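Work through the exercises below with the sequence and the 3D view open. Try each task before reading its solution.

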Amino acid sequence: MSDTFRSEGWAVRPSFVPHGVTSGVTLLGDDNGLTQLSGDPQVAWQTPWSEISSMQLVRFSRSLAFFATIDGVRYVWRTNRRDQYDEIAEFLAAKGARVVRRRRRAGVIAVVVVVLLASLAGGIASFFTSNTSATTLSELKAVNLKIDDLPSGFYATTGSLLNYLFSPPGKVYVATTTTAPAANSAWSQVAAQFQHCMGVSAAKDRMFGAAGQQPAYQVSSPIFASSAHGGLEVGSTAQYYKTTTMVQKDTAEMSAKNFGSCLVASNAALILSGYTVHVPAVAAGENWRPVIFAKGFVRGGVTTLVASTPTGATTTAPLHLVIAIVTAGHYEVTFGAIVAKWPASRPLLGNIVNTLLTRITQSGSTAA
């Protein structure tokens, strides 16, 4: 086995410093630690092996990914070069890294069982039609969450609580003229809860109320699940708006200090309504504002789901709903997660949010 390795052509997420270089990275390894070279002129970041944990090297069909946790932050380095895989794998395995030669499909972890009510199926999707158009759709689909964005062990699942909030994966919805939901519908009750929490009238509310404007297109990712952190599920919905002004007006409402806590509570109420005739009142959650490494906007929140099954039994363990929205240019992307352990999963979820934000800020459709 070689005592050192050097490999060029990597990209890293997140950057080691805010707004730092994330591409054109060279990785060096020796007995002392891992060194990253990046920038022009090059800057070296040296980390002893004793300060690096949870290392994984994964070989995909066309790329390599190296995951490692440093100072509580989960980093991922990716490269399309696979010619050095054997050398790097042997070296990192000797340093305690887990080497995965093919993506493994973990068993499904059933954290809770629900019956999806037909009246709520698709959530927001019920306000759209499924006609398609060629405009910007490829870019819109590209910004959503993908399996390659996630550590090894994740797999696509269809039996998730997030199905209440996200439309079917890959299906494009186009804005159309709609009528308001019935006064006593679950949607109207959730809207009323959100507006009361925010202290905004239905007439001025852009999230659920009359002031809102429909995106031109909407599409969701699959829901991905993993047994990590006691079990978690993640997914995203991307929306494209015709003008950046529409996004800016939405972002202004999202800038309210209690937006994240109110949004996550209203979404929790929508999920929990699957167990009862009426939408339950859910207290405001906690704001969550991930640290971001790209120019853009993010707000989020987290709350605990306390649910009973239709037979009256409670869930076996507390679950947490995490919601975050990122905006830039023409895009708004909503990220959702169901997690068993919070805040232990916060670094991983923060990295995912940064991945989504980076995509919409680098898209060709961010300009006005």
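## Exercise 1: Leu349 and the cores

Task: Setting aside neighbours within four places in sequence, find which residues Leu349 is in contact with.

Solution. Take contact as heavy atoms within 4.5 Å. Leu349 then touches Leu232, Val234, Trp288, Val322, Phe335, Ala337, Val339 and Trp342.

A note on the model: it is predicted, so local features need pLDDT of at least 70 and side-chain atom pairs count only at pLDDT 80 or more, while totals for chains, interfaces and linings use all residues. Residues are numbered from 1 along each chain as its sequence is written, and side-chain values use heavy atoms, with hydrogens and water left out.

A nonpolar core is a set of buried Ala, Val, Leu, Ile, Met, Phe, Trp, Tyr and Cys residues joined through side-chain atoms within 4.5 Å. Buried means under 20% relative accessible area, exposed over 50%, and partly exposed in between (1.4 Å probe, protein chains only). The largest such core has 37 residues, and Val234 and Leu349 have the most contacts inside it. Elements giving two or more residues to this core include helix 2 (137-142), strand 13 and helix 6. Helix 6 supplies the largest share, 7 residues. Helices (H or I, at least four residues) and strands (E, at least two) are DSSP runs, numbered from the N terminus.

A second, separate core has 31 residues, among them Ala268, Val282, Leu321 and Ile325.

## Exercise 2: The disulfide

Task: Find which cysteines form a disulfide, and work out why the disulfide is left-handed or right-handed.

Solution. Look for cysteine sulfur atoms within 2.5 Å, the cut-off for a disulfide. The structure holds 1. Cys197 and Cys262 form it, with sulfur atoms 2.0 Å apart. The torsion about their S-S bond is about -75°, so the disulfide is left-handed.

Now locate the two ends. Cys197 lies in helix 3 (residues 186-198) and Cys262 in helix 5 (residues 259-272), so the pair ties together parts 65 residues apart in sequence. Cys197 is partly exposed, at 25% relative accessibility. Cys262 is buried, at 1%.

## Exercise 3: Backbone exceptions

Task: Find where Pro343 and His229 lie, then check the backbone there.

Solution. Start from the general rule. Most residues other than glycine have a negative phi, and most peptide bonds are trans.

- Pro343 sits in the loop between strand 17 (331-339) and helix 6 (346-362). A cis peptide bond joins Trp342 to Pro343, with omega about 15°.
- His229 is in the loop between strand 12 (223-226) and strand 13 (232-240). Its phi is positive, near 55°. His229 is partly exposed, at 30% relative accessibility.
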